[in-house]
Amino acid sequence: MSEAISVHPGAGHAVHHDGHGHHHQSFVSKYIFSQDHKTIAKQFLITGIIWAIIGGLFSVLFRLQLGYPEQSFPILETFFGNWAKGGQIQPEFYYALITMHGTVLVFFVLTAGLSGTFANFLIPLQVGARDMASPFLNMLSYWFFFLASVIMLASLFISTGPASGGWTIYPPLSALGQASSGSIRGMDFWLISMAMFIVSSLLGGINYITTILNMRTKGMSMTRLPLTIWALFFTAVLGVLSFPVLLSGAILLLFDRNLGTSFFLSDIVVNGEILPNEGGSAILFQHLFWFLGHPEVYIILLPAMGMVSEILSVNSRKPIFGYMAMLGSLFAITILAFLVWAHHMFVTGLNPFLGSIFVLLTLLIAVPSAIKVFNWLTTLWRGNIRFTPATLFAIGFVSLFISGGLTGIFLGNSTIDIHLHDTMFVVAHFHIVMGVASMFGMFAGIYHWFPKMFGRYLNNTLGYIHFWVTMIGAYLIFWPMHYQGLAGIPRRYLDKRGWVSFNDFPELDKMITIVSIIVFAVQLMFVFNFFYSIFKGRKVRNKNPWGANTLEWTTPLRPGHGNWDGEIPEVHRWAYDYGKDGREFIPQTEEIGENESKH
Amino acid sequence: MVSDLKIEENYKNSPSGDRGKMHPHKFTMWVAIGSIIMMFAGLTSAFIVKSNQTNWITVELPKAFWISTAIIIASSLTIQMALRSFKQREMGKYRSLIGFTLILGVAFVVFQWFGFEALWSQQITFKGAGAGQFLYVIFGLHAIHVIGGIVTLLIMFIKAFIGKTKLYSAVPVEVVAVYWHFVDLLWIYLLLFFLIIGG
């Protein structure tokens, strides 16, 4: 494997002294209520990492139950008391664990932790701006996220437990305390936390869009933007247009829960008691939820796609293949993301004709997705690839995106989906294509931009171990779930031993559990690497360690607030002039030469 | 903290700045408006879906809502005049017009409340099904957006008296005016929506 870090000839920039802050700042204004987009990015990242550990731990706990339903683990009772009576995970606890695992990973880690981190960090740096359009709103965005985090964390300690009706919080389960103990108070915490979270996303999103459209430096036309920025732009558009719809659904649900309205509830009898609600429609909630819920999948996936495009091009020392096609497919995915939500609802009694339209629109997403995969592979093709941990994770992303994308074609067909709905097949599909793939994109981004964030490198050896164990582990965990799902094993079952037909794979379940514990341990190793390297990692001595073209590598080693010491650099070319005219790379700031060939 | 001057520098440097396009803060407001529109689109489309069900109860809008409509339209005029006097450096006129808009904004919210009370007294409550429940939520959320505008106007009103700035940037006033016209138009949309589909 090639040495990841080398000093590239012709980096062309003398190493500047550390860019210090432009004026004196107190500790509080520099690290806590900072308005510097780079600090806010780190705040999002570190909060996201803490949530990832919590959310990951939840999955290890419920995997223990799924792998070893007959065994008791007294240590669980020590930690969780009545929730794990006799060392066995209780049903309510199990449902709370899967609900919070989904909520935390989808929203707090892969939305806030991923696009919160990289949109904040990369947008001003790569478009050539001193900061976001509104640094103040940007700071508010983080603190709303923090507030959302505190409320969600607090909900874990309520006596009746946190929300446990699934991350999709379908009523009536989520609306009635009689239905599940998590719906007594935990769900109110969940809804209020999510309302704060949505405000955070919106404040962030409108800032990202404005900064990209209005704050680009001289010469940075839209088609010279790196694909990271394009991906983050479409992500923000998706968020700004779809999160408010979830907010409206959440508000209506709050009314149903606390003020006796009947938006989603109708004709319900609980233990012989007839509830007064009439005229509500539970399906209406699903429409409102999935109108966000589906774009949310792309809110998670697009930033990873953008970073992977950038990292693969930089590290294969080749221009990205088909820039305009990449851009077009990002655009197509964004449009289609809004038109496919009902494919989550094929078994709700949806009109089959309507269903077939959603099947068609869903399958159409395969076209831009395939274009992207093709372009990533052709970017790598015959490249002079440097297998850094970031490159490996980016390649891992492409692999997972293919594997998970192919099963999407199965599930997008209503005829097959009706059979596979609510089985482990679905769990396998969305974990591979959305969860793990985006996580890989996030890891790739962290390994790649860590030197710019903290002025030090992550440890490479730990990085390689991290990659290989996670890559092999992810396939070992989720691949067998496809077979389980095809064999009819449902999701969400606490203990399958009571059903002969669901009890075919106990050994497989044990294997998945063991692997997930190993993979989780390796993530802890990554977290150690992350925090250790912030303080003790090898120092970056070259402004442009990867020999990349984009503007963030023209800033000082440790840029202060304002990013560039002098003038903001002017841009003269696109971001992907690698291996052109015999030169390894040509930064965007370099003027086009007289005899230069076209790209 | 990066001062506004730095933002200005960046903006003037940018290709979009060169072409004399919109100020970033104003643009931010337009994007935010797009986002708010989506929330009300979600709510009103939920209303349409549910209004097709049987046992749906319609409501007749109380008179208070017509008065508040007149008030908010008037306030749109006053804020536009305030913006013009700010641009012409007529600060005395600007102060009184902003103050007037503020009062009209508060009056709008008060009349919305009267409207709610009138409905409640007709036994249109949170119980049962029908347009009433949606009306409380949708009009209530709109009123919260107006209150947000009122708070901003209040800050601008105070600033207009204590502000010693020599920099006459009309951008903040323009941003608030855009928002205020938006909540006005949003209200007219909601009113027409309930008249045509809910009534």
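In chain B, the buried residues of helix 5 pack against helix 4 (64–87) and helix 6 (131–162). Buried means that 20 or more other C-beta atoms, placed from the backbone, lie within 10 Å of a residue's own. Helices are DSSP runs of H or I, at least four residues long, numbered from the N terminus. This is a predicted model: local features need pLDDT of at least 70, side-chain atom pairs count only at pLDDT 80 or more, and totals for chains, interfaces and linings use all residues. Residues are numbered from 1 along each chain as its sequence is written, while chains are lettered from A and ligands numbered from 1 in the order in which they are written.

Stay with helix 5 of chain B. Its buried residues include B:Tyr94, B:Phe108 and B:Leu119. The helix has 31 residues, 91–121. From first C-alpha to last it reaches 45 Å, close to the 45 Å expected at 1.5 Å a residue. That expected span is 1.5 Å times one less than the number of residues. After the helix comes B:Gln123, with a positive phi near 65°.

Now turn to chain A. The axes of helix 2 (residues 37–67) and helix 4 (residues 91–127) of chain A come within 8 Å and cross at roughly 160°. Axes are lines fitted to C-alpha atoms over the stretch in contact, and angles run from 0 to 180 degrees between N-to-C directions. So helix 2 of chain A is roughly antiparallel to helix 4 of chain A, a term for angles over 145 degrees.

Key:
Helix = DSSP H or I, 4+ residues; strand = E, 2+ residues; numbered from the N terminus. Buried ≥ 20, exposed ≤ 12 C-beta atoms within 10 Å, placed from the backbone. Contact = placed C-beta atoms within 7 Å. Parallel < 35°, antiparallel > 145°, perpendicular 65-115°, else oblique.
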